[in-house]
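Here is a short tour for someone meeting this structure for the first time. Keep the sequence and the 3D view at hand while reading.

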Amino acid sequence: MITPAPTVRPPVLFLSHGAPPLVDSVPWVDQLSRLGAELPRPTAILVISAHWEAAPLTIGSTDASTPLTYDFWGFPERFYRTTYDSPGAPELAARVAAMMPDGEPIARDPRRRLDHGAYVPLTVMYPDADIPVLQISLPTLDPERLLALGRRLAPLRDEGVLIIGSGFTTHGLPYLDDPSPEAVPPAWSVEFDDWARGCFDRGDVESLIDFRRKAPGMPYAHPTIEHFSPLFLALGASDDPGQAADQPIDGFWMGLAKRSLVLG
């Protein structure tokens, strides 16, 4: 009788995912590829992306034949031909639904497969697309509620599931004077990123929750807050939201801070 190998518990990630052309950035690809290689191989991947806001919590397609969601415009044609035919994750979808409180509605959208907040980083981390992936919606932008949702999903890690909150540490697109990849980052992006780095180093969750009032560079760094919100689900799914976070990816792209976190 063959005894199955024990499941290795993965960490939780908050990734700054970028637009599809970020895959042309050699430093980002190198950093993210290295991160993927260093992580224990997950049994499945659960992604919560800034690009899918829907309440109640909505579970995306579990059918690998469902096309990707190309939720962007104005890019070269090759970015609309990207595929990522990862296996569907119906078992994970069932587990997520079962973890929600009694009486809390759950929706399903079988037409909604991975958007670029999910598949862009996964094409770099797991290019073979051989791990089941499920995306669920961002059901709220309230940090406290997202922390609670993350805590509810945290037991999935014991089953080898890699939980990824995908957003961007700064996302002030309307305020970029130079959107070229190597642009000098504006002061508001640098200031917010430095503040966030310090909060992550200290595990200062209270300040992060109140980032709209406490962070320098606001509201320019996040004129809308959906790209910072996945952080809170990731913090909630970690062992301790107040831990000092590993920050293996930093720097800027198009002037935006691509700082990303690994949380035990």
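The report below covers aromatic pairs, helix packing, the nonpolar core and some backbone features.

## The model

This is a predicted model. Residues are numbered from 1 along each chain.

## Aromatic rings

A pair of aromatic rings is described by the distance of the centres and the angle of the planes. Across the whole structure, a search finds twelve aromatic pairs. One of them joins Phe-72 and Phe-75. Their centres are 5.7 Å apart, with 65° between the planes. The pair is edge-to-face, because plane angles over 60 degrees count that way.

Phe-75 also pairs with Phe-79. Here the centres are 6.3 Å apart and the planes stand at 80°, so this pair is edge-to-face. Phe-72 is buried, at 8% relative accessibility. Phe-79 is buried as well, with a relative accessible area of 5%. Phe-75 has 27% and is partly exposed, because buried means under 20% and exposed means over 50%. Ring pairs also build a cluster, which links Tyr-70, Phe-72, Phe-75, Phe-79, Tyr-80 and Tyr-119.

## Two packed helices

Two packed helices are described by the angle between their axes and the distance between the axes. Helix H1 spans residues 26-38, and helix H3 spans residues 116-125. They pack at an angle of about 75°, with their axes 8 Å apart. H1 and H3 are therefore roughly perpendicular to each other, because that word applies from 65 to 115 degrees.

Which residues meet where H1 packs on H3? From H1 come Trp-28, Val-29, Leu-32, Ser-33 and Gly-36. From H3 come Val-120, Pro-121, Val-124 and Met-125. Seven residues of this contact are nonpolar, two are polar and none is charged.

## The core and an enclosed helix

The largest nonpolar core has 81 residues. Leu-46, Val-96 and Leu-153 have the most contacts inside it. Leu-153 touches both Leu-46 and Val-96. It also touches Met-99, Met-100, Ile-136, Ile-163 and Leu-233. These contacts leave out residues up to four places away in sequence.

Leu-233 is one of the buried residues of H8. This helix covers residues 230-237. Eight of its eight residues are buried, so H8 is largely enclosed by the rest of the structure. The buried residues of H8 are Pro-230, Leu-231, Phe-232, Leu-233, Ala-234, Leu-235, Gly-236 and Ala-237.

Pro-56 is in the loop between strand E2 (44-53) and strand E3 (58-59).

The peptide bond from Met-218 to Pro-219 is also cis. Its omega is near 5°. Pro-219 sits in the loop between helix H7 (211-214) and H8.

## Positive phi angles

Ala-129 is not a glycine, yet its phi is positive, at about 50°. It lies in the loop between H3 and strand E5 (133-138). Is Ala-129 buried or exposed? At 11% relative accessibility, Ala-129 counts as buried.

Met-254 is not a glycine either, and its phi is positive at about 60°. Its place is the loop between strand E8 (252-253) and strand E9 (256-257). Met-254 is buried, with a relative accessible area of 15%.

Note on methods:
Predicted model: local features only at pLDDT ≥ 70, side-chain atom pairs only at ≥ 80, totals over all residues. Heavy atoms only, no water. Phe/Tyr/Trp six-rings, centres within 6.5 Å; stacked < 30°, edge-to-face > 60°. Buried < 20%, exposed > 50% of the residue type's maximum accessible area, 1.4 Å probe, protein only. Axes fitted to C-alpha atoms, helices over the stretch in contact; angles between N-to-C directions. Helix = DSSP H or I, 4+ residues; strand = E, 2+ residues; numbered from the N terminus. Parallel < 35°, antiparallel > 145°, perpendicular 65-115°, else oblique. Contact = heavy atoms within 4.5 Å. Nonpolar A, V, L, I, M, F, W, Y, C, P; charged D, E, K, R; others polar. Core = buried A, V, L, I, M, F, W, Y, C linked by side-chain atoms within 4.5 Å.
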